[in-house]
Amino acid sequence: MEASVNLGKIRGIPIGLHYSWFIVFGLLTYFLSMPGGFLQEFFPGWETTTYWIVAATASLLLFTSVLLHELGHAFTAQHKGIPVKSITLFIFGGVASIAEDSETARDEFAIAIMGPVVSVAIAAFSFVMWMLVSPFQEQLQAIFLYLTIVNTVLVIFNMIPGFPLDGGRVFRALLWGWTGSVEKATRWASMTGVMIGYAFIILGIFMVFVVLFTGIWLILIGWFLQNAADQAYKQMQVRRTFEGIRVRQLMEPNPVTISAYASIEELVDRYMLGRNLRGLPVVDEGILAGIITLNDIKGTPREQWSQYRVLDRMTPRESLITADPDTDLDTVLHMMSERDFHQIPVLESGAVVGLLTRGQIIRFLQLRQSLPDYTPTVQRMEQDTPPGGSGGSVEQQRAQSD
Ligand SMILES: [Zn+2]
C-alpha cells in the first residue's frame, strides 16, 4: 500500500498515513462527539466544542495505539533479524510491511503475538489511568475509558484465529510448529481466514437492518479479510508450484555473452537484432562484468552508438542479482520482485553458465498450471530441502543490498 503522507521514521522504519485514514479519523471523531454517541451518552453536560476536542484527541490516541501495536510487530521482527519496510496507517487500522517471511515457527509466533501484547499493555495502562484520574477531570476520564475499551476490542478482534489477522498468524505459527510444514499451516490458517471473512459479511448483512453503520462496517471488514486471506493462499500456491524447482531447470544454459569492450553498434547489430536478444550478460576476460538490455541503450542517440562501449552503458555487476544453478526458484523470485529485475545471470565459480529471465519463469508457471494434478518425481525428491535453500550468491546479494 502506498503511503500518502510521510510521518518520518522510527528506528529506520518509514511511517505513513494512507488517505483513507483521514476519512476514518473524521468519521470516528464525528461518531464519538455526536448526540447519542459515546461521549454525550457517558459524559453529559459539556459544551459542544469540548465534545469535539475530546473526540478528536481520543481518535488521534486510538491511532497512536494502533501505531504502537504495529511497532510491537516491527521491533520484534527487527530483533529477529528481519527488516521492516514500512508501517502504514489506513482505514482498517495499521499494517507493518515486513520484508521476509519468518524462518522458524517460533519467530513467526513472537512477531505475531507482540502486537496484541502491546495493545493489552495500553489497555491496562489506560484502565489504571482512568481509575486514577480525579472524577473532576471528566475529559481525561473519558479519553482513558475510551482507550481502555478500544484497545481491548482491538486485542479481541486481532486475536480471531483467521489469517492474516494476528490471531491467524499465531494459529499459523502453532500449526507450523506442530506439523513442521509452513505450507500446510498457511493453507489451514488462510482457509480459516476466508471463512471468518465470510462470517463477518453475513453478520454484517443481518446487522445492516439493526444498526446500519455497524452492518456496513462489518461487511467491509469481512470483505477485506476474505480478500487478504485468499491472496495469502494464492501466494502460497505459487510458492508450492515452484517448490523444489532449481534455477538449473529453468535457466537458458550457456547464454550468448558480449565483451565489455564491444561497441553499442556491434551490440545492436550483431547481438540484439542479429540474434533476437533483448539483453545479455557482459563479460570481461570470461568473468561477469554486468548485464546490458535494450533499456540501457534507449537513452543513447543512434549516431553515438559507435563511440560508446557496452561497458559505458551496462548495469554493472555490483548492482546485479546473481544466482547459482542450485538456488531454489522461490528465493530468486523474491529477489526479482523486490528489486524489479527481469534477468538474472547464473554463475558457477565466477563463470556465466546460464541466464534466467522472467519470461522463462512465466512460461514454466503456465506449463505447470496446465498440468495441475501432476507432481513430478524430481519435485517430490527435493521436498525435504528447507525453504529458502542453498542460494549462496543470492544470499550474499541480499546482505549487500541491505
Ligand atoms: Zn497486529
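**View 1. Helices α3 and α5 cross in a right-handed sense.** Handedness here is right-handed if the near helix is turned clockwise from the far one by less than a right angle, and left-handed if anticlockwise. You are looking at a predicted model, in which local features need pLDDT of at least 70, side-chain atom pairs count only at pLDDT 80 or more, and totals for chains, interfaces and linings use all residues. Residues are numbered from 1 along each chain as its sequence is written. Helix α3 (residues 48-79) packs on helix α5 (residues 138-158) at an angle of about 35°, with the axes 10 Å apart. Axes are lines fitted to C-alpha atoms, for helices over the stretch in contact, and angles run from 0 to 180 degrees between N-to-C directions. Helices (H or I, at least four residues) and strands (E, at least two) are DSSP runs, numbered from the N terminus.

**View 2. Here are the residues where α3 meets α5.** On the α3 side, look for T50, V54, T57, A58, L61, L62, S65 and H69; on the α5 side, for Q139, A142, I143, Y146, L147, V150, N151 and L154. Contact means that C-beta atoms, placed from the backbone, lie within 7 Å. By class, this contact has 10 nonpolar, 6 polar and no charged residues. Ala, Val, Leu, Ile, Met, Phe, Trp, Tyr, Cys and Pro count as nonpolar, Asp, Glu, Lys and Arg as charged, and the others, Gly among them, as polar.

**View 3. Four strands make an open, mixed sheet in the order β1-β2-β3-β4.** At the edges, β1 (5-10) and β4 (93-98) each pair on one side only. Strands pair if DSSP finds at least two bridges between them. Inside the sheet, β2 (residues 13-17) and β3 (residues 84-90) are parallel, joined over 3 bridges. To find your bearings, look for G16, which stands opposite T88 in β3.

**View 4. Strand β8 (residues 287-293) is largely enclosed by the rest of the structure, because 5 of its 7 residues are buried.** A residue is buried if 20 or more other C-beta atoms lie within 10 Å of its own, exposed if 12 or fewer, and partly exposed in between, with C-beta atoms placed from the backbone. Strand β7 (residues 279-284) pairs with β8 in the antiparallel sense over 6 bridges. The two form a hairpin with 2 residues between them, and E285 in the turn has a positive phi of about 55°. Strand β9 (residues 315-316) runs antiparallel to β8, joined by 2 bridges; I291 stands opposite T315 in β9.

Methods. Contact = placed C-beta atoms within 7 Å.
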